[in-house]
Amino acid sequence: LINNNREYQKSIADWQTAQQNVRSASSAAYPSVNLDWGITRLGNIQSFEFDQDENDSEPPIELEVASENMFKGSFSVQQQIFSGSVFGAIRVAQSYQKAADNQLKVEKNQLIRDYLSAYALAAMLSDLRHVNEQMVEYTNSHFNEAKLLYEIGATDKYLLLRAEVEYLNSIPALKEAERSYHASVSNLKLMLNLDKNTDLTVKGFDVELDMSGNNQGLLDRAEKNRPEIEGAKNVAEAYKRAIVVFRSARLPSVTGFGNYDRQNQWDLFSQRDTWNNSWTAGINVHIPLFSGFATTAKIQKGMLNYQKASVDESILIDAIRIEVDLAYDDYVRSNTDFDAWFRNVELASEGFEIANLRWDNGVGSELELRDARIALQEARANLSRAKYDKLRTKINMLFALGEIGNVIIIETQNNGQ
């Protein structure tokens with residue numbers, strides 16, 4: 001799931017973008033080093049004749065005015081020595097990086113929660129499909145028995161028609177259960193980014209949930225573990241550090257620099273290249289004197305953003321506390337419902353056995369057997385839903401506590417053990 005889910009891969013790309021933003025901001029603190037080199041070749045070098053003997057006893061000298069190849073190289077270094085804006089921006093980017101780290105954890109936890117819930121739903125629909133398959137077998141067997149009894153004159157046509165209608169009504173329910181199950185499996189394949197033709201067997205499972213401690217203890221666990229809270233703190237910290245960056249615009253900045261140049265130069269009279277070397281080094285000090293009220297406005301806006309982020313953090317903590325309370329209440333309710341439906345299945349199974357025994361002994365009615373069979377089917381279906389609901393609330397409870405990233409999954413057998 002973590003390796004193949006495409007939505008999560010997009011989240012990883014966003015997280016990596018935040019990493020690159022930190023690297024980009026940090027680069028301003030490192031020296032800037034540049035090397036430039038160039039060559040210029042002249043295709044048509046001009047020349048002229050220079051007569052140094054007025055009596056023309058010697059021929060004039062032909063002088064070239066430029067070199068055939070001109071070389072030039074430059075090496076420069078620039079280093080930020082002091083700048084509150086630069087180093088403050090690095091700290092701001094680091095805070096956003098931490099916020100991005102926690103956001104990735106949030107999306108991972110949501111992905112795990114959604115997948116486990118979808119898998120639990122598929123397991124429930126598999127159980128419902130099995131229940132409906134048993135119902136079709138029961139009604140088909142009863143219909144065949146009714147036909148045999150009708151042929152020997154042991155029952156009337158009305159009971160035969162009722163048995164046939166009951167059998168025919170059970171088939172659409174099975175088809176609907178199969179359709180829902182296959183749709184849930186397709187959804188799992190989509191989340192796993194699997195080919196639609198891949199075989200995927202759904203098995204029953206449970207999750208470990210530690211509910212020790214009182215309600216305050218659960219709230220403390222959630223506040224400690226939920227990455228949303230830590231991410232909100234990082235965002236608030238980023239806004240707080242941004243205020244420092246805005247204020248540092250009023251401070252001077254100091255930059256050191258150095259340059260070294262080397263190039264050839266043509267000597268007209270010697271007709272040879274000479275190499276000239278030059279270097280410079282120094283410090284630039286930039287002192288901001290007045291820039292209107294732009295800096296003041298940025299500081300005020302930064303303080304307002306920090307206040308809003310602090311309020312958002314407080315609201316988020318309260319929302320998570322409410323989420324934990326609701327998840328706990330839902331979990332307690334689902335446990336009560338499961339126990340009730342588990343007992344209901346036991347009673348319905350016992351009632352069906354009694355009705356079946358009475359029917360075999362000829363003292364029970366067909367209607368009594370039919371009602372007992374329907375009651376058992378509904379009880380089993382409701383137990384499957386209650387089992388899914390209980391598992392769903394456990395998953396949601398783990399998510400609310402911020403512990404779903406370390407979930408322990410237990411595979412169960414057909415009997416639920």
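Student: Which residue takes a positive phi in the hairpin of β6 and β7?

Tutor: Gln271, with phi near 55°. That hairpin has four residues between its strands. Some ground rules: this is a predicted model, where local features need pLDDT of at least 70, side-chain atom pairs count only at pLDDT 80 or more, and totals for chains, interfaces and linings use all residues. Numbering runs from 1 along each chain as its sequence is written, and side-chain values use heavy atoms, with hydrogens and water left out.

Student: How are helices and strands assigned?

Tutor: They are DSSP runs numbered from the N terminus: helices are H or I with at least four residues, strands are E with at least two.

Student: How many bridges pair β6 with β7, and in what sense?

Tutor: 15 bridges, antiparallel. β6 covers residues 253–267. Two strands pair if DSSP finds at least two bridges between them. Across this pair, Gln263 stands opposite Asn276 in β7.

Student: What's the strand order in the sheet?

Tutor: β1-β4-β6-β7, an open sheet of four strands with antiparallel pairing. β1 (32–41) and β7 (272–286) are the edge strands; each has a single partner, so one side of each lacks a neighbour in the sheet. Neighbouring strands are turned by 10° against each other on average, direction ignored.

Student: And how many bridges join β1 to β4?

Tutor: 10, again with the strands running antiparallel. β4 spans residues 69–82. Arg41 stands opposite Asn69 in β4.

Student: Switching to helices. At what angle do α2 and α7 pack?

Tutor: About 170°, with the axes 9 Å apart. That makes α2 roughly antiparallel to α7. Axes are lines fitted to C-alpha atoms, for helices over the stretch in contact, and angles run from 0 to 180 degrees between N-to-C directions. Under 35 degrees counts as roughly parallel, over 145 as roughly antiparallel, 65 to 115 as roughly perpendicular, and the rest as oblique.

Student: What classes of residue make the contact of α2 with α7?

Tutor: 15 nonpolar, 10 polar and seven charged. Nonpolar means Ala, Val, Leu, Ile, Met, Phe, Trp, Tyr, Cys and Pro; charged means Asp, Glu, Lys and Arg; the others, Gly among them, are polar.

Student: Where do α3 and α7 meet?

Tutor: Leu159, Arg162 and Glu166 in α3 meet Glu366, Leu367, Arg370 and Arg373 in α7. Contact means heavy atoms within 4.5 Å. By class, that is two nonpolar, no polar and five charged residues. The axes of α3 (157–192) and α7 (366–400) come within 11 Å and cross at roughly 10°. That makes the two helices roughly parallel.

Student: What counts as a cavity or a pocket?

Tutor: On a 1 Å grid over the protein atoms alone, a cavity is a set of points where a 1.4 Å probe fits but cannot get out; a pocket is an open set with protein on both sides within 12 Å along at least five of seven lines. Lining residues have an atom within 4 Å of a point.

Student: Which residues lie nearest the centre of the second largest pocket?

Tutor: Lys105, Asn109, Asn225, Pro227 and Gly402, from a lining of 16 residues. That lining divides into two nonpolar, six polar and eight charged.
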